[in-house]
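Hello,

Here is the structure we talked about handing over. Please look through it first; my notes follow below.

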Amino acid sequence: MDPSRTAPPRIGLALAGGGFMGAAYELGALAALSESIDGLDLTGLDVYVGVSAGGFLAAGLANGLSPHAMVRLFVETEASDTPLDPAALIRPAWREIGHRLAQTPAFAAEVATEVRRGLMHGGVGTAAWRALDLATSLLPAGVIDVAPAEASIARLLSSDGRTDRFDALPTVLRVVATDIDRGDPVAFGAPGWTDVPISRAVVASAAVPGLVPPVPIAGRWFVDGALNKTMHASIALQEGASLVLCLNPLVPYAAGPHGPPAAIARRGLGAVLSQTVRTGIRSRMAVGLEKYRVTHPDADVILFEPRADDATIFFTRIFSVSSRRRLCEHAYRETRADLLARADRLGPVLARHGLRLNVERLADPEHALVRSPERAPRRDTGLSRAALRLERALEDLERVLRLSRAPGR
């Protein structure tokens, strides 16, 4: 970084995807960064870039929702008036499934024709492969309907002074998705793509191929933005950010010599596919980060991600409230530990951008994000919800007072 630079530093944030698990991890990590770096306001950055679940979090931050506020929405849902419970956001894609089923009679006739040709010219094996090839066309393009998630995000971003419009934001927000017919990434919010609702861009960026049907926008069809790059941190650099903080929750699991044998192989297809995707994503991201050293030598890029041997991150199932709490709290504590371990290296880098790593606060073991990770949800009544909101408000006040009293504040 050129020490003679007089322009104020521009700080960006790039958030990778990772589904509901990734969102819980990134919220814990973001809360740790917010509390531990003096001068860092995660709701007042110059540029935000998000992919998939990271797109939702980036949209929230750009709209002034702090990490702690989003923890209330996503992790401790019973304490929020507008919760985003993962289980409530998933609905079968009945329209897509019904469309495919309606094509069954025509396909059945075509399959019969191909089977006869295969038997005549290539035998049983050729006939079977012809039938299988045609049968795959009957499979739905996805099984999850994103409409409930889109509606919930739109409501959240359209209330309390927030906005669902890119061009109404006071800062730069880019949500990246992939045009499935062209294979090209598109950064919604960039020139030419500002009229797309943020909520629509977020669900398009999160449309995992095979699980969610491609999302139509302006006559084109979009899926997960991670198909091309993991985080698209280059967009923040191109927007002039001199410091980019990057969060990536998807790290391939490496148990180490003392870890459980065949921890992944024995857990079935889901674990194997997850490890495969994580390995590809992490390898590709490493290449990109190294490239930035050449293309943007005057910028600093800092990556935060789980340790490779972190079994909690890899094997957590995210659809219960208690598991989201555990994972979010775990990410919060692990990120604090990471910051403390890298303090000697990160301190000078952050200082170049007017930020200070508060080592004294990081060394305080009393800090916690989710007070009771194992607590069962209370019965959903108006009185209990009001009591929970009061309890959370008091906890937030206690956190602010504790942070203000911490050494170096």
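A residue is called buried if its relative accessible area is under 20%, exposed if over 50%, and partly exposed in between, with a 1.4 Å probe and protein chains only. On that scale, 49% of the chain's 409 residues are buried. The model is predicted, so local features need pLDDT of at least 70 and side-chain atom pairs count only at pLDDT 80 or more, while totals for chains, interfaces and linings use all residues. Residues are numbered from 1 along each chain as its sequence is written, and side-chain values use heavy atoms, without hydrogens and water.

The chain has 15 helices and twelve strands; these are DSSP runs (helices H or I, at least four residues; strands E, at least two), numbered from the N terminus.

The axes of helix α1 (residues 19–36) and helix α3 (residues 67–74) come within 9 Å and cross at roughly 150°. That makes α1 roughly antiparallel to α3 (the term covers angles over 145 degrees). In contact terms (heavy atoms within 4.5 Å), F20, A23, A24, L27, L30, A31 and E35 of α1 meet P67, H68, M70, V71 and F74 of α3. By class, ten of these residues are nonpolar, one is polar and one is charged.

Seven aromatic pairs are counted (Phe, Tyr or Trp rings, the six-membered one for Trp, with centres within 6.5 Å). F314 and F315 form an edge-to-face pair (planes over 60 degrees apart), at 4.7 Å centre to centre and 75° between the planes. Both F314 and F315 are buried. F188, W193 and F222 form one aromatic cluster.

Regards

Methods. Axes fitted to C-alpha atoms, helices over the stretch in contact; angles between N-to-C directions. Parallel < 35°, antiparallel > 145°, perpendicular 65-115°, else oblique. Nonpolar A, V, L, I, M, F, W, Y, C, P; charged D, E, K, R; others polar. Phe/Tyr/Trp six-rings, centres within 6.5 Å; stacked < 30°, edge-to-face > 60°.
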